[in-house]
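Here are my notes on the model you asked me to look over. Please read them with the structure open.

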Amino acid sequence: MLLIVCRLISITSLNISLIRQRILMNIKKTLKYILAKNLRQIRAERNISQEELAEISGYHRTYIGSIERSERNVTLETVETIAQALKLSPLDLLSEPRK
């Protein structure tokens, strides 16, 4: 009886892992995630801190950080303002990186 219970638990754990992977794959395809990833990457490439980006864009440092952690649903106006501060097109921030 114990063997059967353990086997069911391991199957359930496997199913939960697969579900978690699918959820993470879907999250990584959202514009919010793409924006966050692109913003972090562009900042890193240009050696700009969150504080410096906040200053040139007119937003608070913690707001920039929350965008980079995909915690914010930003408006198009915000995307446009940050893109202008970085001298980019808003599309550059919202497009998946080329491979």
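The points below go from the whole chain to single residues.

1. This is a predicted model, in which local features need pLDDT of at least 70 and side-chain atom pairs count only at pLDDT 80 or more, while totals for chains, interfaces and linings use all residues. Residues are numbered from 1 along each chain as its sequence is written, and side-chain values use heavy atoms, leaving out hydrogens and water.

2. The protein chain has 6 helices and 0 strands, in the order α-α-α-α-α-α. Helices (H or I, at least four residues) and strands (E, at least two) are DSSP runs, numbered from the N terminus.

3. Of the 99 residues in the protein chain, 25% are buried. Buried means under 20% relative accessible area, exposed over 50%, and partly exposed in between (1.4 Å probe, protein chains only).

4. Helix α2 (residues 31-46) has 16 residues and spans 22 Å from first to last C-alpha, close to the 22 Å expected at 1.5 Å a residue; the expected span is 1.5 Å times one less than the number of residues. Its buried residues are Ile34, Leu35, Ala36, Asn38, Leu39, Ile42 and Arg43. Their cover includes α3 (50-57), α4 (61-68), α5 (76-85) and α6 (90-94).

5. Lysine 87 is not a glycine either, yet has a positive phi of about 60°. Lysine 87 sits in the loop between α5 and α6 and is exposed at 73% relative accessibility.

Definitions and conventions
Contact means heavy atoms within 4.5 Å.
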